[in-house]
Amino acid sequence: LWAPPGEHKHYLHQARAFCQGRLDIDEPFGDVATYNGRHYVVFPPFPALLITPLLALFGMHTRTTVVSLVLTALNVFVLRRTLATLEIAQELRRWVLAAFFLGTAYTTSLFQAYETWHFAHIVAVTCLLLAVCEAFGRGRAPLVGLFCGLAFLSRHLCLCAAPFLAWTLWQHHPADTLTRKVARIGLMCLPLAVCGGAYLGFNYLRFGDPFDTGYSYLRLEGFLAERVAQYGLFDVAYVPFNLTHLFLQGFHIDFASPKYLSVTEMDPFGTSVTFASPFLFLAVLARGPRAWLITAWLAVALPVVHTAFYYNNGFAQTNAQRFTLDYLPILIILVALGCQRSHPRWWKLAIGYSVALNALALIGVDLLRRVTAAL
C-alpha cells in the first residue's frame, strides 16, 4: 500500500506537464499515444489534475498509493452515510462496507494503486460515491452533476450513472412541481456539461478533433498489439473472452515452467465476479420504484456491454475484474437492498468468502510463491 509509483507513471507525467503549461508529456512508454511527433496520456485527466498540487510539492516521487488511502478513508465515510440514509440496518451496513472495500475489485485496485489504471479507478469510485451520497442525501443537483462529471473525467464509463442519478434527484422531493423537478435536473446537467465540454476541448487541443481520445495512437505491445492490429479497439471477437472472465473464470494461480511447480502470480486476466464476489448477485433481489430500478440496472448493464466488445478485460488485475468499479458504487446500493430481502446467513457467507479469497490472492499467493521458489 505504500509502494512508490509504478514504472509508467502516466498521471505523474501528465501532472508535470500541467505544471509546465503543456498537454504533451516528455517521453513515450506503454499506453502512451504518439501524435504529430508528440506524446500524450490518453486517459481522462482528472486523476492527474487531482495530484498536480502534490506533484508541485513532491515532484515525481508523489505517491498515488498514499492519495488512494486518503480517498479510501473518505469513501468509507461516504458509503456508510449513504447506507444510513437508505435506512439499511446497522449490522448489514457494516457487512456491506466490508464487502465493498475488502471483497471486490476495490481491494485489489487499492493494493495496486501505484499503477495508473488502478489509481484512476479509486479516483472514479470516490467521485461516484460522492455523487450517489449527495443524490440520496441533501439532493443538491449541481454537486451531483459535478461529482458525476469528475467521475467521467476519471473513467469514461462512469457517465452511464447519469440517468440513475438524475432519476434519483427527480424523486428526491415527490411533492415538488414539475417545473422544480425539471429545474433540478437542469442544475445537475450544467456542471456535467461543463466537464464534458472541457474534455472535448482537451481532446481538440491535443488531436484536432473533440471526439478523438487518442486511443487509436496507443503504443501497444504483445498480444494486445496483435489484437488491435487485426480487430481494432472494439470488436465482437472479444466478447467470448471478456464475458468468460467476467462471469465464468475461476480463481487461478499460474505456475512456472518447465516443471510447473513454482508459483509465479495470480492469473493477470483476473477472476470472475461469480467466483470472486458472489454476493454481488444479491442485487437481483433489490426492489424499488420501477423507473428507478431500470436506471440503476442501466448504469450497470451499459458498461458491461461496452467493455464486452473492448480489446482487453482490464489486464492486468488480481482476483477481480477491475472494470466493474465503473459501476460498483451503483451496484452496491442494489446489493444492500437485495440483502435486506435475503436471510443473513447467505449474505454473510458470500461476503465472508469474498473477503477471505481476496486475502488469499493478495497475501497467501505471495507466501506460496516464496515457499515454492525455495523448494
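Which residues are buried in helix 1? In this helix His-10, Tyr-11, Leu-12, His-13, Gln-14, Ala-15 and Ala-17 are buried, where buried means under 20% relative accessible area, exposed over 50% and partly exposed in between (1.4 Å probe, protein chains only).

The model is predicted, and local features need pLDDT of at least 70, side-chain atom pairs count only at pLDDT 80 or more, and totals for chains, interfaces and linings use all residues. Residues are numbered from 1 along each chain as its sequence is written, and side-chain values use heavy atoms, with hydrogens and water left out.

View 1. Helices (H or I, at least four residues) and strands (E, at least two) are DSSP runs, numbered from the N terminus. The buried residues of helix 1 pack against strand 1 (32-35), strand 2 (38-41), helix 2, helix 6 (116-136) and helix 9 (178-207). Helix 1 is followed by Gly-21, which has a positive phi near 75°.

**View 2. Thr-52 in helix 2**. Thr-52 lies in helix 2, which covers residues 46-58, and is buried, with a relative accessible area of 14%. When residues up to four places away in sequence are not counted, Thr-52 touches Ala-15, Phe-18 and Cys-19, contact meaning heavy atoms within 4.5 Å.

**View 3. The packing of helix 3 and helix 4**. Helix 3 (residues 64-85) and helix 4 (residues 90-102) pack at an angle of about 140°, with their axes 10 Å apart; axes are lines fitted to C-alpha atoms, for helices over the stretch in contact, and angles run from 0 to 180 degrees between N-to-C directions. The two helices are therefore oblique to each other, since angles under 35 degrees count as roughly parallel, over 145 as roughly antiparallel, 65 to 115 as roughly perpendicular and the rest as oblique. The contact is made by Thr-72, Asn-75, Val-76, Leu-79, Arg-80, Leu-83 and Ala-84 of helix 3 and by Arg-93, Val-96, Leu-97, Phe-100 and Phe-101 of helix 4.

**View 4. Aromatic pairs, including Tyr-310 with Tyr-311**. A search of the whole structure finds 26 aromatic pairs, in which rings of Phe, Tyr and Trp (its six-membered ring) have centres within 6.5 Å, with planes under 30 degrees apart counted as stacked, over 60 as edge-to-face and the rest as tilted. The ring centres of Tyr-310 and Tyr-311 are 4.7 Å apart and the planes stand at 65°, so this pair is edge-to-face. Both Tyr-310 and Tyr-311 are buried.
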